[in-house]
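Reader: I have a new structure open and would like to go through it slowly. Could you help me read it?
Author: Gladly; let us look at it together.

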Amino acid sequence: MKLWIKDNTVAQNDKLYLYGVGESCFNCFFIAATFCYNSLESRQARRGENIYMNVLGIDIGGSGIKGAIVDVETGQLCSERLKVETPQPATPQAVIDSTCQLIRLFNWDGLIGCGFPAVIQKGLVKTTANIDQSWFDINVQKLLQRETGCSCAVINDADAAGLAEMQFGEGRGRDGTVLILTLGTGIGSALFYQSQLVPNLELGYLPLQGAPAEHYASAAVRKNEKLSWQNWSKRLNQFLNHVERLFSPELIIIGGGVSRKYEKFFPYLETQAELVPARLLNQAGIIGAACFAAGKFHD
Ligand code: BGC
């Protein structure tokens, strides 16, 4: 018996002939090889298409490390969202160990995108505002790659959340200046103009009342100082007015865990810009990190 397998779209000049199917192990080997050659992934790779439909997104935060498998075409989570505690002190080895523990829960060996709460340049940690100082200049991307054996891409956590909101959330179709702020342990910020990200903006470092703004107006400050929603909103409003003067955004998107409770504090806020809660809530960081990795490894 003679079998000719040819994929018209990608293998115009490839002719694979298999003889005597079932007659010997040798033939079995060729069948398996042909199968792999024509598998969806290898055909897509040869066409140069993005083969990463599903990517594991990880969001490393001050109190928790969260993850889920993300369909990067739709921005939908296609697994449960799992979480482990951020170890204290959050030293590099401790955080990487906890992150690997989370990754093992997914039994994952594919591409990983990771949001990290610091300035990230070429995989290197360049600031240590809310994390252990020993992170400075550590290549978190390489470390994660080495420990997991997976391809990994690392991006600032707020930039990740911003990318997700721009692609799948409130920022979709908004071409002007859009500012995404994530309120949590710190204040994360991501600025877009014509859908282009200005990375590592770090507006949480802006001085406000003699201290970095995130020490005065983050969501963690509200809890730690037991501020009423109204009193905290006054502080947040000062911060928002400050950044409005600097960037004149047409839209400000408020993300982070507290955005779920936006009804409690939005009524006290007054901005020139349109102000909306993030649509993807605190899943934005996971989704954006996964999409960032898919885009990066596609290029
Ligand atoms: C960090 C930022 C981060 C933000 C939110 C700040 O303390 O400096 O890089 O985006 O917290 O996690």
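Reader: Which helix is Gly285 found in?
Author: Gly285 is found in helix α10, where helices (H or I, at least four residues) and strands (E, at least two) are DSSP runs, numbered from the N terminus. Before we go on, please note that residues are numbered from 1 along each chain as its sequence is written. This is also a predicted model, in which local features need pLDDT of at least 70 and side-chain atom pairs count only at pLDDT 80 or more, while totals for chains, interfaces and linings use all residues.

Reader: Okay, and is Gly285 buried or exposed?
Author: Gly285 is buried, because 35 other C-beta atoms lie within 10 Å. A residue is called buried if 20 or more other C-beta atoms lie within 10 Å of its own, exposed if 12 or fewer, and partly exposed in between, with C-beta atoms placed from the backbone.

Reader: What does Gly285 touch, leaving out residues up to four places away in sequence?
Author: With that exclusion, Gly285 touches Asp59, Gly115, Asp157, Ala160 and Ala161, where contact means that the two C-beta atoms, placed from the backbone, lie within 7 Å. Leu163 is 122 residues from Gly285 in sequence, yet their C-alpha atoms are 8.5 Å apart in space.

Reader: Switching topic, which residues touch the most other members of the largest nonpolar core?
Author: That core has 74 residues, and Ile58, Ile112, Cys114, Val154, Ala289, Ala290 and Ala293 touch the most other members; a nonpolar core here is a set of buried Ala, Val, Leu, Ile, Met, Phe, Trp, Tyr and Cys residues joined through C-beta atoms within 7 Å. Helix α10 (residues 284–298) gives the most to this core, with nine residues.

Reader: And where does the ligand lie, and why?
Author: The ligand lies between domain 2 (54–159 + 285–298) and domain 3 (174–279), because both give residues to the shell around it; the domain bounds come from an automatic or database domain assignment.

Reader: How many residues surround the ligand?
Author: There are 15 residues around the ligand, and the closest are Pro117, Ala129, Asn130, Gly186 and Gly188; a residue counts as near if its C-beta atom, placed from the backbone, lies within 6 Å of the molecule.

Reader: Last one: which residue is the bridge partner of Ile180 in β16?
Author: The partner of Ile180 in β16 is Ile253. Strand β11 (residues 177–183) and β16 run parallel and are joined by five bridges, and strands are said to pair if DSSP finds at least two bridges between them. Strand β16 (residues 251–255) is mostly covered, with four of its five residues buried.
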